[in-house]
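Here is a short note for a colleague who is opening this structure for the first time. The points cover rings, charges over rings, and backbone angles.

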Amino acid sequence: MTLVQTTKMSNFRWVICALLFLATTVNYMDRQVLSLTWKDFIAPEFHWTDADYGTITGMFSLFYAIANLFAGKFIDWMGTKKGYLIAIFVWSTGAVLHAGCGWAAMTIEGYESIEALRLVQAGSDAAVAIATISVWLFLSCRLILAVGEAGNFPAAIKATAEYFPKKDRAFSTSIFNSGASVGALAAPATIPLLARAWGWEMAFIIIGVLGYVWMGLWIWLYEKPRKNKFVNQAELNYIEQDNDLAEVQNRDAAKDEKAIPFFKCFAYKQTWSFLVGKFMTDGVWWFFLFWAPAYFSDQYGYTSDSTMGILLIFTLYFIVTVLSIGGGYLPKYFVENKGMNPYLGRMRAMLIFACFPVLGLFAQPLGAYSAWWPAILIGLLGAGHQAWSANLFSTIGDMFPKSTIGTIVGLGTMAGGFGSMAINMGSGVFFDWASAQGEAFSFFGFDGKPAAYMVVFCICAVAYLIGWCIMKALVPKYSPIIPE
């Protein structure tokens with residue numbers, strides 16, 4: 001007689017997905033506090049130029065890139081639970097420490113108050129000294145923040161691979177990855193108001209403390225599926241449907257035996273495909289994350305704490321949030337309805353998403369009519385990026401064994417950090433230079449700094465299509481790696 005299992009399947013995997021979403025939201029809020037406060041709150045105190053801010057964001061990207069060289073391996077070594085805890089503790093501490101930079105600069109330079117720093121004559125030797133020491137102080141805090149934040153995506157992708165079968169990973173990844181846009185959405189609605197009410201320092205402290213709260217939830221709720229009391233057998237069977245019985249019974253030992261050595265990862269075209277995808281596109285997202293508030297302040301006069309400034313940034317990331325969640329549905333449609341293998345379905349979807357950033361070409365020209373146009377078009381560009389990113393991450397689970405996923409994610413995020421460093425640091429210097437040139441520098445009908453923005457927007461618009469073509473050339477078809 002056949003026994004029929006009547007136990008209803010638990011759905012605890014979605015609780016884990018929600019925790020990953022929350023961590024990613026906090027991650028991006030911590031990262032965005034500076035972009036929403038520097039132009040209108042911090043720069044007047046420390047006499048920063050665009051190049052100073054570009055140096056801080058560019059070096060943050062460099063720190064983040066280098067940290068990611070080790071973060072993935074660290075997560076694979078420590079395990080998902082401990083590795084994630086350490087990562088969020090480090091980045092939350094780094095976020096909170098930003099609040100002390102004003103006091104430290106004031107003390108080092110010998111001033112009695114922050115207001116005294118602000119009253120120093122712009123362009124004077126004293127102003128340059130204040131700017132220099134404050135940049136170094138912020139860089140120190142950004143280093144700590146970057147080291148911790150480097151662990152977020154390797155840990156989240158690893159947890160997704162542990163809790164979801166392959167067919168659901170793109171969707172679950174798109175959900176937690178949307179935390180980036182939700183964090184970017186919540187940030188402009190809260191951070192400038194916190195800075196205006198209690199000072200920019202409190203904005204860093206309040207947002208940073210959220211990470212410590214998350215740690216308590218993670219300790220309570222996370223264990224691997226087979227050890228988690230909230231996961232019943234029906235859900236475990238669903239989670240492990242891609243594995244055969246022998247692999248399930250000996251999963252941990254088998255995976256340890258088949259781990260790919262670090263340097264051998266570079267011998268696979270699949271690794272280079274992921275690196276290219278991240279290098280070409282991560283910088284685009286980070287550019288708009290770091291510079292969008294300054295763009296609306298520079299070009300249209302809407303400060304980050306003004307009603308219009310908040311609405312523009314909120315609208316931009318609202319579009320990103322709503323549209324990007326659907327990024328996991330399209331490849332699932334191609335796989336289930338069109339019979340494609342997961343990799344082919346993802347690449348087909350990514351080609352479609354790579355076309356969204358082309359809309360960025362029209363942001364600056366249409367901005368002459370209304371600031372809402374750039375907000376909407378950059379929002380569509382960002383939605384395309386998030387959908388692209390969710391599927392790009394999912395290709396790792398398709399191609400690599402679970403024991404190596406954290407390492408590959410770390411390498412790819414490192415490549416993305418280098419791309420971000422180039423565009424952010426370069427943009428800061430470029431904007432200062434273009435502003436000084438004025439009408440002597442023109443591009444597509446724009447002069448000076450607006451022309452510089454147009455140049456950067458053009459680069460962002462084509463980066464995804466170029467990246468997709470290179471990826472497709474490197475890995476033209478589904479080629480999973482079987483370690484020797």
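Predicted model: local features only at pLDDT ≥ 70, side-chain atom pairs only at ≥ 80, totals over all residues.

1. A charge sits over a ring if NZ of Lys or CZ of Arg is within 6 Å of the ring centre and within 35 degrees of the ring normal. Keep that in mind for Arg31. Its charged end sits over the ring of Tyr64, 4.9 Å from the ring centre.

2. Now the ring pairs. How many aromatic pairs does the structure hold? The count is 52. One of them joins Tyr295 and Tyr300. Their centres are 5.7 Å apart and their planes stand at 80°, an edge-to-face pair. Tyr300 is partly exposed, with a relative accessible area of 21%.

3. Trp433 and Phe441 make another pair. Their ring centres lie 5.1 Å apart. The planes meet at 65°, so this pair is edge-to-face; the cut-off is over 60 degrees. Trp433 is partly exposed, at 41% relative accessible area. Phe441 counts as buried, at 15%.

4. Look next at the cluster. Ring pairs link a set of residues that includes Trp38, Tyr53, Phe287, Phe288 and Trp291. Tyr295 and Tyr300, the pair from point 2, belong to this cluster as well. Other members include Phe296, Phe431, Tyr453 and Phe457.

5. Two backbone angles deserve a look. Most residues other than glycine have a negative phi. His47 has a positive phi, near 60°. Where is His47 placed? It is in the loop between α1 (12–46) and α2 (50–78). His47 is buried, because its relative accessibility of 17% is under 20%.

6. Phe444 also has a positive phi, near 50°, and is not a glycine. Its place is the loop between β1 (442–443) and β2 (446–447). Phe444 counts as exposed, because its relative accessibility is 62% and exposed means over 50%.

Notes:
Residues numbered from 1 in each chain as written. Heavy atoms only, no water. Phe/Tyr/Trp six-rings, centres within 6.5 Å; stacked < 30°, edge-to-face > 60°. Buried < 20%, exposed > 50% of the residue type's maximum accessible area, 1.4 Å probe, protein only. Helix = DSSP H or I, 4+ residues; strand = E, 2+ residues; numbered from the N terminus.
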